[in-house]
Amino acid sequence: MSTPIPQPPGTFFIGNLNEIDSTYTLGSLQRLHKLYGDIYRLTILGKNLVIVSSQEIINFLCDESKFDKDLGKPLIELRALTGDGLFTAHTSEPNWKLAHKILLPAFGPNAIRGMFPEMMDIATQLILRWERYAGEEIDVCDNFTRLTLDTIALCSFDYRFNSFYQNKMHHFVDAMVNILSESGNRARRLPLQNTLMRGTAKQYNDDIAYIHKLCDEIVQQRREHPNDINDLLNRMIKGKDPDTGYHLSDENIRYQMVTFLIAGHETTSGLLSFTFYYLLKNPHVLQKVQAEADQYDEITIDTLPKLKYIDAVLKETLRLQPTAPAFGLRLKEDKTVLPGGYEVTNNERLLVLLPQLHRDPKVWDRPEEFLPERMLDGGFENLPPNAWKPFGNGQRGCIGRSFAMQESVLAVALILKHFNIEFVDPSYDLRVKQTLTIKPEGLKMRVRPRHRAKTALNMNIKQSEKIPIDTQLLETNNLKPMSILFGSNSGSCESFAGILASEAPINGFNATIATLDSAIGSLPCDRPIIIVTASYEGKPCDNAKQFVAYLESKPELKINYAVFGAGHHDWVTTYQKIPTYIDDMIEKAGGTRIIKRGVGDAAGDFFGEFEAWKENLFQVLRKTLGFQNVISQEKLSIEIVNSTRNLGQITDVGIVKDNKLLVEASELGPAKRHIEIELPKGQTYRTGDYLAILPTNPAEVVQRVFKRFDLSADTQIKILSTTETFLPTGYPVSASEILTGYVELTQPISRKQVETLATLCNDEKEKTQLESLGGDAYQAEILNKRLSTLDILELYPSCDLSFPQYLRMLPSLRVRQYSISSSPLWNSEAVTLTIDILDAPAISGHGRYYGVASNYLASLKTGDRLSCSVRASNVNFHLPVDTTVPIVMFAAGTGISPFRGFIQERAAQMVCGREVGPTILYFGCRSQKDFLYSDELEKWSKIGAIQVKSIFSRESNDGKKYVQDLVWEDRTFITKLYSEGARFYTCGSATKLSGGMKTCFIKIIEEYKQCDETKAAEIFEKICTSRYSVDVFT
């Protein structure tokens, strides 16, 4: 008896058509794979399609004696352009066999080797173009499309598109993109729809006619002016079948030319684009690639086979992102049984889904990670048969595989030999755009030439200008150079870097600002290098990853430097990890430390610690120069002199679809809300990711500022600044707009700012009290009670601070990140957030404390727009690819957010018939009243998708109060799950839940392993690298 093939429920007539997103078919098929597993069936308008993803089944399907290539409807539509060319011909068509025989020798090793000069010609044009545009934004896909189109045209037909000599892409590309897109659209429409869409059909036919005409003209030119070049065109014109003596017809030559021009450049440009995305996301890999290319003075045809690591990088890229992501097959016999007992017939099309084949956990370890090393040292050669299929199958596989790989190896080696590269947007996460092939959408990067005597840190450096005070002493010619480098995700370190740059001129320096990644290989030794950076879950910030990898290569750095590190002490194991590492590595590389590394704790006097370190830095540097600070301790210039921060770092806009109250505020805790947000167009997410929000300040706090400075809501101000600032300058703007959307109003005042305000008090008693608060009482009275500058001004009304001075004290408004509490299997275009609304009497006793982002989100109504963007979470904080792996989650309160998504995903998979491993949630709440999502959890429990173990700290629990107490009681169960390969996750308070769970686990290990606490802690740390993941908040 055969095994039923899973299938989603259908709708009358159209079947499963609604399961497919017409703009991103691949994404729909991947979503259904997550739901239904390695094989499932779709019925669309009466036609059956079986989608297959496992290596075991696909290996069976690749038997060409039983299965043959089958053209899907999009390829059948594309035949209007490519006819019976190699890619879109049926195997049974005579011209396929004829062309295959004639053209196959053109792609043999010697023939491909002979194309190297032409490949180098076009690659050199790209290098020269990028030299001219160094430091500017480069559209990655656009440039690689120019490269691969020009390369295939020159190598195959001795024709030059000259794409690098034009700003606009050649019309061939526009026509091709339109045809590819419309072929897919026509395949999804009913025939009557295509007939009625006359304007679209005319454009489609005009584009086809244009490309056909271009190819015919190239052939005509060759016939009129023949040559002896041994290229594809001459082979097609002069070649003949050795058995029959037949030649290709002019029509078929045209079809083959179109096929090579499209297939020969479209997939390769996608490969190169994805490759550079993964290199930028994996700076250690980038360093290895660059080092391999640097071994050779020049890249020649004989060099290419030696670039083994670059070859591995390309193969790993094709594993994760096969640019032709699927191919179709059809059974030759009437029916057969696939491995697993699944019966299929020759009336249904079989589709091999390559991205999922290439992530089969039975073949690939850590399948979602980019690991080129897996392709080295026999790893690629020893793969199971048909486990890696980006070039198709058998005789219908890509004839130009060797051409594409040689061209790609050359391009990667040349580019990285000539340039350092960086993201334009370091937080960019992969978005895939699909026509018939796939490419990254919106991928932009910058390049900077390497190996030059004098190389600027960044072509887009913002230069700090002089403050108009005693300008006679601050002529630029008298200032010494200084380089300020930052690594920043949330904007705090970038803000600090801007403050340093703005104050550099009055201390004798002309400062430049750049990201750490932009400084690779170009750290100057003729100036102080000031570094401000943080750690992100123990890893470098997005725009510092390459720099850290660069330091690991142990370069010689004879520089004078200073480091300031930002962090939060609740992240105990990773606190200050990256700043400390950078500081130590530069010293080991030969650097001279100017002053001791600064430490800024976001849970402490963050800004005050930075100010103290900054003043010490400038004091030491001034002594070195013998330069005196012109304005001494003056901090309150009317000029707005502040940091460079682009509040447009989140430019995408989402829409609120629902905003509902889950739990009302009470003595037990704050209100909790569930918010559904439609993502910005083109964005998607993985379960466990974050949503970054750019909030606005609460109206109540803004009104307090108006009252303190006697401003009205419609007050207009004009900000003039002599340096870069995050504030809008040079034109009238509403004071309300500035206070609402540009500055932090509730940030605790720094110790230095308290001291400054004390000097402005007209009342001696208030002055004395403020001086006391700036001393030993600061931690207890300011930080612990979270008193802001506004709070102090209200409590000490004699402080004579002007509004411009107040604005200058305020840091820029920060982005906030929230764990997403949904799964893309529920909705790939929308997310939900589960949040506490912080609105309670202030700890200080002065008014109320409003959480900036939570109150902003709580105020949003259905249909409201907000600035938001998906941000990837730690690579380990996701569900295992193998759905049968047990998972155990520990959460308290709104820490359930990511785990609701985990459970939602596994429940959906279970409903669709997938085998799902044990899924256990340990959940702590204060009482039954704030037991979040209890109805959903009960529903999911009834179908066996989740086992919930709850505990309530404000209710009687036989002495147990917290999650860790429950886990300790269940320690035998926990160790059993661990031995069965379970993954463990914690989300909640950094100090309470995370710290408590760590202590509990170490105790369990002590008991289970019969070892001391030190040994148990070592074992626990090893477990954390792969089996235990934590996402904490403060």
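Is Cys141 buried or exposed, and what is its relative accessible area? Cys141 is buried, at a relative accessible area of 12%, where buried denotes under 20% relative accessible area, exposed over 50%, and partly exposed the range in between (1.4 Å probe, protein chains only).

## Basis of the model

The structure is a predicted model, in which local features need pLDDT of at least 70 and side-chain atom pairs count only at pLDDT 80 or more, while totals for chains, interfaces and linings use all residues. Residues are numbered from 1 along each chain as its sequence is written, and side-chain values use heavy atoms, with hydrogens and water left out.

## Overall architecture

The protein has 34 helices and 35 strands; helices (H or I, at least four residues) and strands (E, at least two) are DSSP runs numbered from the N terminus. Its radius of gyration is 32 Å, close to the 31 Å given by the globule rule for 1034 residues, so the protein is as compact as a globular protein of that length. Here the radius is taken over C-alpha atoms, and the rule is 2.2 Å times the number of residues to the power 0.38. The C-alpha trace spans about 110 × 75 × 65 Å along its principal axes.

Of the 1034 residues, 57% are buried. Among contacts with a separation of 6 or more, 76% are between residues 24 or more positions apart, a contact being heavy atoms within 4.5 Å. The protein exposes about 43600 Å², of which carbon and sulfur atoms supply 49%; accessible areas come from the Shrake-Rupley method with a 1.4 Å probe, and for residues only the protein chains shown count as cover.

## Cysteines and the annotated site

The structure holds 0 disulfides, a disulfide being a pair of cysteine sulfur atoms within 2.5 Å. For Cys141, the nearest cysteine sulfur belongs to Cys398 and is 19 Å away. The sulfur of Cys155 also has that of Cys398 as its closest cysteine sulfur, at 14 Å, which is too far for a bond. Cys155 counts as buried because its relative accessibility is 5%.

Cys398 carries the feature "binding site" in an unreviewed UniProt entry. UniProt positions are given in the numbering used here, feature names are shortened, and annotations may be inferred rather than shown by experiment. Cys398 is placed in the loop between α15 (354–357) and α16 (401–418), and its relative accessibility of 42% makes it partly exposed.

## Salt bridges

There are 53 salt bridges in the structure, each defined by a side-chain nitrogen of Lys or Arg within 4 Å of a carboxyl oxygen of Asp or Glu. One of them joins Glu348 to Arg41, with the closest N and O atoms 3.0 Å apart. This pair links distant parts of the chain, 307 residues apart: Glu348 is in the loop between β7 (342–345) and β8 (349–353), and Arg41 is in strand β1 (residues 39–44). Both Glu348 and Arg41 are buried. Another salt bridge is formed by the side chains of Glu316 and Arg374, at 3.0 Å from N to O. Glu316 lies in helix α14 (residues 308–320) and Arg374 in the loop between α15 and α16, so the pair ties together parts 58 residues apart in sequence. Glu316 and Arg374 are both buried.

Arg593 and Asp583 also meet through their side chains, at 2.9 Å from N to O. Arg593 belongs to strand β19 (residues 592–593) and Asp583 to helix α19 (residues 577–588), 10 residues apart. Arg593 is partly exposed at 28% relative accessibility, whereas Asp583 is buried at 4%. Salt bridges that share partners join Asp583, Glu587, Arg593 and Arg597 into one network.

His418 is found in helix α16 and counts as partly exposed, at 30% relative accessibility. Not counting residues up to four places away in sequence, His418 touches Ile127, Glu131, Arg448, Pro449 and Arg450. The C-alpha atoms of His418 and Gln290 are separated by 9.4 Å, although these residues are 128 residues apart along the chain.

Most residues other than glycine have a negative phi. Leu45 has a positive phi, near 50°; it is placed in the loop between β1 and β2 (47–52) and is partly exposed, at 29% relative accessible area. Asn386 has a positive phi near 60°. Asn386 lies in the loop between α15 and α16 and is partly exposed at 22% relative accessibility.
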